[in-house]
Amino acid sequence: MQILHAQQALTAAGWQDDITISIGSDGRIAAIGPIDQPPDTRVDLVLPAPVNLHSHSFQRAMAGLTERRGDDPTDSFWTWRKLMYRFLDQLTPDHVEAIAAMVFVEMLEAGYGAVGEFHYLHHGPGGVAYDNPAELAARVATAAGQAGIGLTLLPVLYHQGGCDGRALGGGQQRFGNGPEAYARLHDASARIISDGPSDWTIGVAPHSLRAVSPAALSDVVEMGANGPIHMHLAEQIAEVEDVQAHLGARPAGWLLSNHDVDDRWCLIHATQMTPQETADLAKSGAVVGLCPITESNLGDGIFNGTAYLSKGGSFGVGSDSNVHIGLFEELATLEYSQRLRDRSRAAMALPGKSVGRTLFDRLAHGGSQAAGRDSGTLAVGQLADIVGLSTNNPWVCGRRGDTALDSLIFAGHGRDCITDVWSAGRHVVQDGRHLKRDAVERAFMATMADLSGDL
Ligand SMILES: [Zn+2]
């Protein structure tokens, strides 16, 4: 049993002062309330540690390498994707593991308790299979175990190069699996997860409507049965046009008419949606996976956030390309995108509520739903995914409750206020630093020295 004392805590019952949280050896919250024992840890303020619901960890190693303008006058997501394919062709299993470990350490230090790893890198260069079809999934899991992060592993099916069913291009061959190979990969991945900590789980991830045929999508959804189903939905206009030309409808509209989209689904980058699609998706019960920093970095466009929120839609956030891993910055970026578009303020706040509180409540709930994880709120029986913060600093001093949350998100330095993070009771960040940071950082830097940054 670990005991933690907080001066302020955002619990399932709202803000509470001066409370004690007991964490059982099963990694769950055993009690909240007065307890007759001195605490192991004292913190100023605690929040539920949200799930980072969408990550491609290997892409962290190319952060900063794609910010030059190339010869192509229309530098875009698609030119970035070419560079990404070139970069990933160098990666060995050891590289994949070292990069993922660094990413997971950074996520924990940023205040996330768990990650949904949308894992699509399966084979060696040129698509040559490893002896173990889940070799790279195993490396990601090893990294998650080393970091102590909660893991929802999402093995990805990617079997065509576009909606017309064309073969995979050169850079895509490391992702490719037919339906049978995917079933084998998923079985092997499920064994890895069941051998891991009890809070880990697995889902399915049909990559997108451009990379998965309608028939294969139905098969994968059936295979996923009761677990999370994650899919990229509508990130780019060219993707919307491709889907429309071949399936006769826009991606969100097509999916909602052809599948029973419900609370098992997490749809990543629902950027390109009509008002009708936005309202229909909000009503479906699915979580939309927003990645505001990556979407800004790639110039994807602006999510219909205010309309979606007004219809009661669920969402969470993910760091996707991991170009920058920052929980509070994701929320500020989302809010600012709405303000810039509408020339407004407090765009994503529900009436009478603060922006920070509205966003944080939604993201904590949506992330956990998307990950199939018992977390997102501080309540007895929930996994102890907890972030502890100091208010003894220039950015939050004297602030309480929702105002403290707004300050963490908008005043900068939210990350600098984090002192402690627990993932399912694993107290992996202490004094603002992950306990294994030094070793993980050394391996990551050795990997970076191996990789050519000349894309
Ligand atoms: Zn993605």
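Visitor: Which elements are included in what covers the buried residues of helix 4?

Guide: The cover includes helix 3 (135–147), strand 7 (150–157), strand 8 (201–202), strand 9 (205–206) and helix 5 (214–224). Bear in mind that this is a predicted model.

Visitor: Which residues of helix 4 are buried, and how do I read such a list?

Guide: Start with the general idea: an α-helix has 3.6 residues a turn, so residues three or four places apart point the same way. In this structure, the buried residues of helix 4 are Tyr 182, Leu 185, His 186, Ala 188, Ser 189, Ile 192 and Ile 193. The helix covers residues 179–194 and reaches 22 Å from its first C-alpha to its last, close to the 22 Å expected at 1.5 Å a residue.

Visitor: Let's turn to sheets. What is the strand order in the open sheet of four strands?

Guide: In general, strands of a sheet pair through backbone hydrogen bonds, either parallel or antiparallel. Here the order is 10-11-12-13, and the pairing is parallel. Strand 10 (229–234) and strand 13 (314–317) are the edge strands, each pairing on one side only. On average, neighbouring strands of this sheet are turned by 30 degrees against each other, direction ignored.

Visitor: How many bridges join strand 10 to strand 11?

Guide: Five bridges join strand 10 to strand 11 (residues 265–270). Look for His 232, which stands opposite Ile 268 in strand 11; we will meet His 232 again at the zinc ion.

Visitor: Which helix lies across these strands?

Guide: That is helix 12 (residues 355–371), which lies across strand 10, strand 11, strand 12 (287–290) and strand 13, running at about 85 degrees to strand 13. Helix 12 is mostly covered, with 13 of its 17 residues buried. To check its length, take 1.5 Å a residue: the 17 residues should span 24 Å, and the end C-alpha atoms are 24 Å apart, which agrees. After helix 12 comes Gly 372, whose phi is positive, near 65 degrees.

Visitor: Which residues are the protein donors of the zinc ion?

Guide: They are His 54 (NE2), His 56 (NE2), His 232 (NE2) and Asp 320 (OD), lying 2.1 to 2.7 Å from the ion. Along the chain their spacing is H-x1-H-x175-H-x87-D. His 56 lies in the loop between strand 5 (51–55) and helix 1 (77–88), and Asp 320 in the loop between strand 13 and helix 11 (327–342), so this pair ties together parts that are 264 residues apart in sequence.

Visitor: Are His 56 and Asp 320 buried or exposed?

Guide: A residue counts as buried under 20% relative accessible area. His 56 is buried at 3%, and Asp 320 is buried at 4%.

Visitor: What do the angles say about the site of the zinc ion?

Guide: The ideal angle at a metal with four tetrahedral donors is 109.5 degrees. In this model the angles among the four donor atoms run from 79 to 171 degrees, and the site is irregular.

Visitor: One last stop: how many residues of strand 4 are buried?

Guide: Seven of the eight residues of strand 4 (residues 41–48) are buried, so it is largely enclosed by the rest of the structure. Five bridges join strand 1 (residues 2–11) to strand 4, and these two run parallel; Ala 6 stands opposite Val 43 in strand 4. Strand 4 also pairs with strand 14 (residues 386–389), in the antiparallel sense over four bridges, and there Pro 48 stands opposite Ile 386.

Methods:
Residues numbered from 1 in each chain as written. Predicted model: local features only at pLDDT ≥ 70, side-chain atom pairs only at ≥ 80, totals over all residues. Heavy atoms only, no water. Pairing = 2+ DSSP bridges. Axes fitted to C-alpha atoms, helices over the stretch in contact; angles between N-to-C directions. Contact = heavy atoms within 4.5 Å. Expected span 1.5 Å × (residues − 1). Buried < 20%, exposed > 50% of the residue type's maximum accessible area, 1.4 Å probe, protein only. Donors = N, O, S within 2.8 Å, 3.2 Å for Na, K, Ca; no water. Tetrahedral: all angles 85-135°; square planar, octahedral: opposite > 155°, others 65-115°.
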